[in-house]
Amino acid sequence: MTPTIRLGRLFGIEIGFNWSLIFIFVLIAGAVATQWLPSTAPGHAATTYWLVGLAGAILFYASLIAHEMSHALVARRNGVKVAGITLWLFGGVSRLDGEPPSAGSEALIAGVGPLTSLGVAAIAFGVAYFTSNDLVGSLFSWLTTVNVALAIFNLIPAFPLDGGRLLSSVLWWRSGSRQAGVHNAVRVGRIFAYVMIAGGGVLALVFGQVINGVWLAFVGWFLLSAGSSEEAGSNVRSLLRFIPVSAAMTSPVVTLPDWVTVEQFLESIAPNHSFTTYPIHEPSGKLTGMVRLSDLVRIPAQDRRSKHLIDVARPISEVPVTNPREDLVGLIQRLGAGMDQRVLVFDNGQLVGILSPADIARLLSVRQTLAGRGRGA
Ligand SMILES: [Zn+2]
């Protein structure tokens, strides 16, 4: 799902789409142009049907964007960082960095999506009802059906669908623990996923509806794997909650003079240390940037003598910083995708440590072992 094409920004939220959508776009336009319109508004030319079909595909995606945008805007209002919206094969996903602060806000963020789709359906129904043009009427009654279907599909109680999140928020509210809510919602979602997979098998093998059957089973399989990764993410966050940065960081930090050349670094400094990333400083001691071993070895041999560390460093202003007391879950939520690099830890203006994803992974595996032992006893 990663390769996305940027479409633009709306209310400051980035919208992108996955390559898979281009095929779906043509499929939708084709289905409207060759099946729906000729049967509901007969007697027009094929080119007219195709033009209206294309408009239908565009309106369909506009409906998806309205649905996802409502999630993203309500999430932002509830203090959850929104990385953007991606449209893909199964509709849309709002990429939220972090967790809702309460069960109530999780329910609002999840519930507003299906409500928006129903709202769009109501508007489309109004247009279809009042228009005197048969093509417009036919197109908008199709759009009504599609948006009602979108709302219903999203209410299936399985992650990552809105229904799964709604169920999880109710269970969270009742048990007082988000992790327990997610855990139980994933179990319910798994049942729905298995029912869909089995239903797909029955459709294909018993009723001979191979395409519909395979499609249903595929959606079920997708919900199954999405549920597992949702639970894994929630477990990671609960294991790291209330653990300060100081417990995971590497300390002390080796900083290097920023005026040494890449060649000097590779020949006489790198072999003596086990680190892969180094903050660099100017003669006064002030930090100026950060260099990575993996970037330095990629510099061509003929440039290594003339280039100094400061020439190839990432400027210090771009390096994320934290303090030893910030809790790791808060840090991950705050930095979001920025967490894939090193974070410098300062205490009262002094550099006291450096934190890498590997440090967090190491701490996580220790915590997991301890948690496992606790449960077994
Ligand atoms: Zn939704």
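What you see is a predicted model, in which local features need pLDDT of at least 70, side-chain atom pairs count only at pLDDT 80 or more, and totals for chains, interfaces and linings use all residues. Residues are numbered from 1 along each chain as its sequence is written.

Let us begin with the whole chain. It is divided into domain 1 (4-155), domain 2 (175-240) and domain 3 (245-376), with bounds that come from an automatic or database domain assignment. Taken over C-alpha atoms, the centres of domain 2 and domain 3 are separated by 39 Å. Four residues from domain 2 and six residues from domain 3 make up their contact, where two residues count as touching if their C-beta atoms, placed from the backbone, lie within 7 Å.

Now for the helices, which are DSSP runs of H or I with at least four residues, numbered from the N terminus, just as strands are runs of E with at least two. Helix 3 (residues 103-130) and helix 4 (residues 134-154) have axes that come within 8 Å and cross at roughly 165 degrees. Axes here are lines fitted to C-alpha atoms, for helices over the stretch in contact, and angles run from 0 to 180 degrees between N-to-C directions. Helix 3 is therefore roughly antiparallel to helix 4; angles under 35 degrees count as roughly parallel, over 145 as roughly antiparallel, 65 to 115 as roughly perpendicular and the rest as oblique. Among the residues in this contact are Phe-125 of helix 3 and Phe-140 of helix 4.

Further along, helix 5 (residues 162-175) packs against helix 6 (residues 178-205) at an angle of about 135 degrees, and their axes are 7 Å apart. Helix 5 and helix 6 are therefore oblique to each other. Their contact includes Trp-172 of helix 5 and Val-188 of helix 6.

Three of them form an open sheet in the order 9-10-11, with mixed pairing; two strands pair if DSSP finds at least two bridges between them. Strand 9 (321-322) and strand 11 (350-355) are the edge strands, each pairing on one side only. Strands of a sheet pair through backbone hydrogen bonds, either parallel or antiparallel. Strand 10 (residues 343-347) pairs with strand 11 in the antiparallel sense over five bridges.
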